[in-house]
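The chain and its coordinates are shown first.

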Amino acid sequence: MSPVIRCAERLELRALPGIPLVAPGDDVAALLLGALDRAELDLAAGDILAVTSKILSRAEGRFVDLSRIEPTPRARTLAAETEGDARVVELVLRESIGISRRARGALIVRHRLGFVTANAGIDRSNATPPGAPRGSGPWALLLPQAPDQSAQQLRAALFAARGVDVGVVVTDSHSRPFRLGTVGVALGLAGLPALWDQRGRLDLAHHELQHTVTALADQVAAAADLVSGQAAEGTPAVHVRGLSFAPGDSSARALLRPPAEDLYA
């Protein structure tokens with residue numbers, strides 16, 4: 001049975017201010033609570049915090065000094081085919097379980113977490129760790145090790161601090177094989193449904209919906225992306241209020257289409 005969800009008549013999103021550049025070992029939950037206080041926002045049941053994967057990656061120390069990466073022969077061959085950096089290609093291979101497509105500047109892969117994405121989600125913007133030795137790098141930043149687990153830990157820490165049951169979505173920006181531009185997607189989540197199965201509901205003409213399954217967590221991530229920004233905004237977390245859903249166990253893996261059904265893999 002689909003969880004209890006209702007369309008929002010009004011949705012409020014606010015980027016949380018004052019979150020510093022995260023360093024390895026930082027307490028992300030504490031940083032979020034401080035940002036909520038600065039914004040004078042009290043958490044309420046049913047609120048959602050959308051948090052970019054980058055701050056979790058930084059807190060986990062997922063930095064890689066490319067000068068220390070020795071590409072394998074396979075990575076060098078793929079780099080020549082795609083006109084890419086063989087060291088980055090080596091990281092892509094390490095973070096992936098298979099290659100779907102290759103083109104100039106991009107390898108489309110199935111990430112070890114199960115989704116299909118370009119270059120295994122490896123980021124080179126804002127990827128230098130604090131206190132990096134002079135002359136080190138260039139640097140790259142890998143995706144978080146276990147985004148669902150990170151979301152669960154954040155949710156538990158927020159409940160322990162404020163006594164309120166909220167949802168958490170770990171977001172990232174992904175390109176799509178069939179449309180231009182990137183959109184926010186959910187890499188991890190806790191406390192809210194990944195999917196909203198609306199099959200069986202009636203439309204205005206009283207026809208029963210047959211195929212409508214909404215990617216609720218991805219919609220939250222895409223909406224949050226509009227206010228968190230992509231460049232130097234420095235607002236990697238967004239407070240979302242207005243959705244109505246029954247909290248419970250969830251996982252971003254529920255959003256993944258099985259490989260046998262993935263026509264773009």
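## Largest pocket

The lining of the largest pocket comprises 23 nonpolar, 5 polar and 9 charged residues (Ala, Val, Leu, Ile, Met, Phe, Trp, Tyr, Cys and Pro count as nonpolar, Asp, Glu, Lys and Arg as charged, and the others, Gly among them, as polar). The model is predicted: local features need pLDDT of at least 70 and side-chain atom pairs count only at pLDDT 80 or more, whereas totals for chains, interfaces and linings use all residues. Residues are numbered from 1 along each chain as its sequence is written, and side-chain values use heavy atoms, with hydrogens and water left out.

The volume of the largest pocket is about 1200 Å³. Of its 37 lining residues, V116, D218, L255, L256 and R257 are the closest to the centre. Two or more lining residues come from each of β6 (106–111), β7 (116–118), α5 (147–162), β9 (167–176), β10 (179–190) and β12 (213–214), and β10 gives the most, with 4 residues. Helices (H or I, at least four residues) and strands (E, at least two) are DSSP runs, numbered from the N terminus. A pocket is an open set of points on a 1 Å grid over the protein atoms alone, where a 1.4 Å probe fits, with protein on both sides within 12 Å along at least five of seven lines; lining residues have an atom within 4 Å of a point. Grid points are joined across faces, edges and corners, and the volume is the space filled by probe spheres set on the points.

## Packing of α1 and α5

The axes of α1 (residues 28–38) and α5 come within 9 Å and cross at roughly 50° (axes are lines fitted to C-alpha atoms, for helices over the stretch in contact, and angles run from 0 to 180 degrees between N-to-C directions). V28, A29, L32, L33 and D37 of α1 meet L154, A157, L158, A161 and R162 of α5, contact meaning heavy atoms within 4.5 Å. These contact residues divide into 8 nonpolar, no polar and 2 charged.

## Packing of α3 and α4

Helix α3 (residues 73–82) packs against helix α4 (residues 86–94) at an angle of about 115°, with the axes 8 Å apart. R74, A75, R76, L78 and A79 of α3 make the contact with A86, V89, E90 and L93 of α4. By class, the residues of this contact are 6 nonpolar, no polar and 3 charged.

## Backbone features

G137 and P138 are joined by a cis peptide bond, with omega about 5°. P138 lies in the loop between β7 and β8 (139–141).

E40, although not a glycine, has a positive phi of about 55°. E40 is placed in the loop between α1 and β3 (48–52). Most residues other than glycine have a negative phi, and most peptide bonds are trans.
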